[in-house]
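Here's a friendly walk through one protein model. Have a look at the sequence and the 3D view, then read on.

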Amino acid sequence: MSLGALPGFRDFYPADLAERAHIFATWRDVARRYGFVEYDGPPLEPLDLYTRKSGDEIVGQLYNFTDKGGRDVALRPEMTPTLARMVAARANAQRKPVRWFSIPQLFRYERQQRGRLREHFQLNLDIIGESGVTADAELLAAAVDIMRAFGLGPADVVARVSDRRLLQAYLAAAGVPEPALPAVFAVIDKIDRQPATVSAEKLDALGVGPGARDAVLAIGSATWAAISAVLAGAGHAGLVADFERYLRALDALGAGAFVRVDLSVVRGLAYYTGIVFELFDAKGELRAICGGGRYDTLLKSLGGVDLPALGFGMGDVVLGELLRSRGLTTWQSSGIDVWVAIGDAGDVTDAMRVAARLRARGRSVEYSLGGQKLARQLKAANAAGAREAVILGAPGAASGEAVVRRLDDGTEQRVRLDAWIGDATPPASNHQPPATT
RNA sequence: GUGACCGUAGCUCAAUUGGUUAGAGCACCGGACUGUGGCUCCGGGGGUUGUGGGUUCAAUUCCCAUCGGUCACCCCA
């Protein structure tokens, strides 16, 4: 296996690429329905585009090197810095809000695990230049509609939504000391992945009192009614009203059934400034399918333009695992349209002429490249998934006639070849359900 | 980067717990059923048992290293 792909990198065989193409096509279709337009940037960027935002420690997770011109460069680990640069360069010329999406291949030097490779494709969908919560709702509704487009419903996928400011206010109201907040965020971020006793000990060590500690530990199961009551009582009626407008907007956009308020969603620690969300499979078996939120200060710190922004990333790896586990494998190839076979009196050049004319009309056509007897040709036609075979030079056929055989039920029809080719039209769709044998 | 477990054909798995030439199903290729596919039957290709050492008369089996995979940390853009 010395010739295999590098660890964490994938070979895409035709069946694998069919899945990838299906995912991309679905992403593009929903993005288009929401008015987003596609962009792209270079896969290789200056190293400091990433260190400027995240510090030098991120270098350990980058594919970086010095190029032949002495420049420190890195394969892109994320799209946001590139987006920020591109938007900043033409910020004044863009109609606001900007709705852009991209499907970059991203790279990170990390030890791979299931659902996490060293390379993946990630849909990035961002809205720039709108600070109201309707934009937040629009963004999540798009993510939810992507799930729907793949055939996933509320029983399959849950959107957990939170807000950095709500969480902070809620913790303060519960009695968490102000200086301990960042460290408490870190504990909450891990609350599902470590025993409650460990989380409790960490909170104790941070000087969080017993009452506040219990509130933190139960934060994932706190209902919006309970949370909003606490916040309203603590003088945060404005925050509560804003978030409720967000939830109502999600309902209006048809995404409400997927949404669950869960303040324990922290989304890392870095640059999110407002509403954040994650999409999970409802069974909780896989990693997050999608994550995103509002990052109003990031563009200014990266690219110099001060515009509010929000976006999400959705990778192809976990999504593909989820679709396969749910049996939603509609990308399987449906095979070719026509196989041109030649009988006794036929000649391979006749098959070529017929194939050429059918192909010119958009049909997918194969014929036997090596000389084979008819039984063999039909066997090959069947293996190729052809829907019908046209047999030239069948015994007793008049000049200009051919036999068209349907391969699903074996029925045959004698046709005038010219008329039959003339009737050929492109197939309605290349995404038929898989042909079961 | 740290730790645990696992590596046999393209895929899923065998090989009487150290024993002779490593097998089967599926897939692939071909033949027969005397020139119209799927079924059936027959045959074929394909493995340095991940790799390299070690122990032994003998290693797929035991030991070490290395590479790869899985999982948990780390990290999550």
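The largest share of the lining of the largest cavity, 3 residues, comes from H10. Helices like this one are DSSP runs (H or I, at least four residues), strands are E runs of at least two, and both are numbered from the N terminus. The model is predicted, with local features needing pLDDT of at least 70 and side-chain atom pairs counting only at pLDDT 80 or more, while totals for chains, interfaces and linings use all residues. Residues are numbered from 1 along each chain as its sequence is written, chains are lettered from A and ligands numbered from 1 in the order in which they are written, and side-chain values use heavy atoms, leaving out hydrogens and water.

So what counts as a cavity? On a 1 Å grid over the protein atoms alone, a cavity is a set of points where a 1.4 Å probe fits but cannot get out, and lining residues have an atom within 4 Å of a point. Points are joined across faces, edges and corners, and the volume is the space filled by probe spheres set on them. The structure holds 1 cavity of 30 Å³ or more, and about 30 Å³ of space lies in the largest cavity.

Who lines the largest cavity? Val133, Asp163, Arg165, Leu166, Leu239, Asp242, Phe243 and Ile275 do. Helix H5 (164-174) and helix H10 (237-252) are the elements giving two or more residues to that lining. By class, the lining has 5 nonpolar, no polar and 3 charged residues. (Ala, Val, Leu, Ile, Met, Phe, Trp, Tyr, Cys and Pro count as nonpolar, Asp, Glu, Lys and Arg as charged, and the others, Gly among them, as polar.)

## H5 and its partners

H5 also packs against other helices. With helix H6 (residues 181-189), the angle is about 110° and the axes are 11 Å apart; axes are lines fitted to C-alpha atoms over the stretch in contact, and angles run from 0 to 180 degrees between N-to-C directions. H5 and H6 are therefore roughly perpendicular to each other, a label for 65 to 115 degrees, with under 35 roughly parallel, over 145 roughly antiparallel and the rest oblique. Arg164, Leu167, Gln168 and Leu171 of H5 make the contact (heavy atoms within 4.5 Å) with Leu181, Val184, Phe185 and Ile188 of H6.

Now for helix H9 (residues 224-233): its axis and that of H5 come within 9 Å and cross at roughly 70°. H5 and H9 are therefore roughly perpendicular to each other. Leu166, Ala169, Tyr170 and Ala173 of H5 meet Trp224, Ile227, Val230 and Leu231 of H9. That contact has 8 nonpolar, no polar and no charged residues.

## H1 meets H4

The axes of helix H1 (residues 14-33) and helix H4 (residues 133-149) come within 9 Å and cross at roughly 135°. That makes H1 oblique to H4. Thr26, Trp27, Val30 and Arg33 in H1 meet Ala142, Asp145, Ile146 and Ala149 in H4.

## A cis proline

Which peptide bond is cis? The one from lysine 96 to proline 97, with omega near -5°. Proline 97 sits in the loop between helix H3 (80-89) and strand S5 (98-102).

Conventions
1 Å grid on protein atoms, 1.4 Å probe; cavity = no way out; pocket = protein on both sides within 12 Å on 5 of 7 lines; lining within 4 Å.
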